[in-house]
Amino acid sequence: MADAPEDTSDPALIRRTMAEIEPIADKVTSHFYALLFLQHPDLRALFPAAMDAQRDRLFKALLTAATHVDDPAILTTYLSHLGRGHRKYGTRPEHYPAVGECLLAALAQYAPQSWSPRTEAAWVGAYTAISQIMIDAAAEDELRAPAWWEAEVVAHEMRTSDIAVVTVRPDQPYPFLAGQYAALETPWWPRVWRNYSFASASRSDGLLSFHVKAVPAGWVSNALVHRARPGDVIRLGPPTGSMTVDHSTDNGLLCLGGGTGIAPIKALVEDVARHGRRRPVQVFYGARRDHDLYDIDTMLRMQQTHPWLSVRPVVDEGPAGELCGHLPDAVCQYGPWHSYDAYLSGPAAMIRCGVDTLRGIGIPSHRIRHDSIEELVGARN
């Protein structure tokens, strides 16, 4: 039987290139940035001083775009979010041609097996479409929101030796939904942004709170925990994320919060309380040790106030509260959960395991909400 003809469509050519460069992604992205900064030195100021994380983000963005190049709906949603997010870095439409030129040069250098005039044409077409989606999304967003908000630190409370609750006052109204998150930039590390979830629903005084855990070599997290003080000014990117409450249903909420992931869970509980509907909310609050349940007192006070709320602490090591072991496994000891929508927040590994567990006990995927796994990687650094 004759072999099937080789697929030479543009999506196939783009994926072939990505498959060739994937094993050497670090070299390709490093070469790209070297070209960009050498040929367009004025663009260096748009990027952080240390480029390690930035190189990773570029490759992930390329890989995502290549994976969904023939799925316009998914690609447009992803790239629109990316285009809006790039506003806080100072990205302008005139920057995109320079980036495209250097990107194609790097791909041609490191993908000799798959590169050809036909492949180059496919990448030119794809990059033109990609950049236009991002430019259009940024332009539309510019009409309704600033690229960032200035926010003054008004309170800084250490909960443990490495976890702080940081409360800020934005310089202008900041609309968001409980369960969302925002990128934060500190004055000590310009152009380095990290994502943190809002730790409360919107407040009448306009203040915003974040739970921050300092992690080893985490620039932003260590600055916020150990350096920030009342009076300091940070920057906030726009709110994002879809882990929000559907108020059109009476379904209960099954919430899994691991570590500082309890912050958005707390915000969701406040949001349910504000809407005044007595929907059952079951919170499983996980940590490695009981000492790490830094917000358990707050959650238990909320449980006393709201009869529809149940809070269960879960620890990996040692006896504490009702449950011990891994957070997703603890959920299986209760239920049934067929009338609940699930919300997960915490480390990426916990979310992956939690999603698998919840699916395994019969909760359909469309009723499981969590932060983007991609955004969580390095998000709390």
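**Helices and an open sheet in a predicted model**

At 0% relative accessibility, Thr 17 counts as buried, where buried means under 20% relative accessible area, exposed over 50% and partly exposed in between, with a 1.4 Å probe and protein chains only. This is a predicted model, in which local features need pLDDT of at least 70 and side-chain atom pairs count only at pLDDT 80 or more, while totals for chains, interfaces and linings use all residues. Residues are numbered from 1 along each chain as its sequence is written, and side-chain values use heavy atoms, with hydrogens and water left out.

Thr 17 lies in helix H1 (residues 10-21). Helices (H or I, at least four residues) and strands (E, at least two) are DSSP runs, numbered from the N terminus. Leaving aside residues up to four places away in sequence, Thr 17 touches Leu 107, Ala 111, Ser 114, Trp 115, Thr 119 and Trp 123; contact means heavy atoms within 4.5 Å.

Next come the helix pairs. The axes of helix H5 (residues 96-110) and helix H6 (residues 117-142) come within 11 Å and cross at roughly 150 degrees. That makes H5 roughly antiparallel to H6. Axes are lines fitted to C-alpha atoms, for helices over the stretch in contact, and angles run from 0 to 180 degrees between N-to-C directions. Angles under 35 degrees count as roughly parallel, over 145 as roughly antiparallel, 65 to 115 as roughly perpendicular and the rest as oblique. From H5, residues including Val 99, Leu 103 and Leu 107 meet residues of H6, among them Trp 123, Tyr 127 and Ile 135. By class, this contact of H5 with H6 has ten nonpolar, two polar and one charged residues. Here Ala, Val, Leu, Ile, Met, Phe, Trp, Tyr, Cys and Pro count as nonpolar, Asp, Glu, Lys and Arg as charged, and the others, Gly among them, as polar.

Helix H2 (residues 25-39) also meets H5: their axes come within 9 Å and cross at roughly 140 degrees. That angle makes H2 oblique to H5. The contact includes Phe 32 and Leu 35 of H2, and Cys 102 and Ala 106 of H5. Its residues divide into twelve nonpolar, three polar and two charged.

The strands are the other part of the picture. Six of them form an open sheet in the order S4-S3-S6-S1-S2-S5, with antiparallel pairing; two strands pair if DSSP finds at least two bridges between them. Strand S4 (193-197) and strand S5 (208-213) stand at the edges, each with a single partner strand, so one side of each is left without a neighbour in the sheet. From one strand to the next, the twist averages 40 degrees. Helix H7 (residues 219-227) packs on the sheet, touching S1, S2, strand S3 (181-185), S4, S5 and strand S6 (233-236).

Which residues of S4 are buried on each side? Trp 193, Asn 195 and Ser 197 are buried on one side, and Arg 194 and Tyr 196 on the other. Five of the five residues of S4 are buried, so S4 is largely enclosed by the rest of the structure. Five bridges join S4 to S3, and Glu 185 has Trp 193 in S4 as its bridge partner.

Glu 185 also stands opposite Arg 235 in S6. The covered face of S6 holds Ile 234 and Leu 236, and the uncovered one Val 233 and Arg 235.
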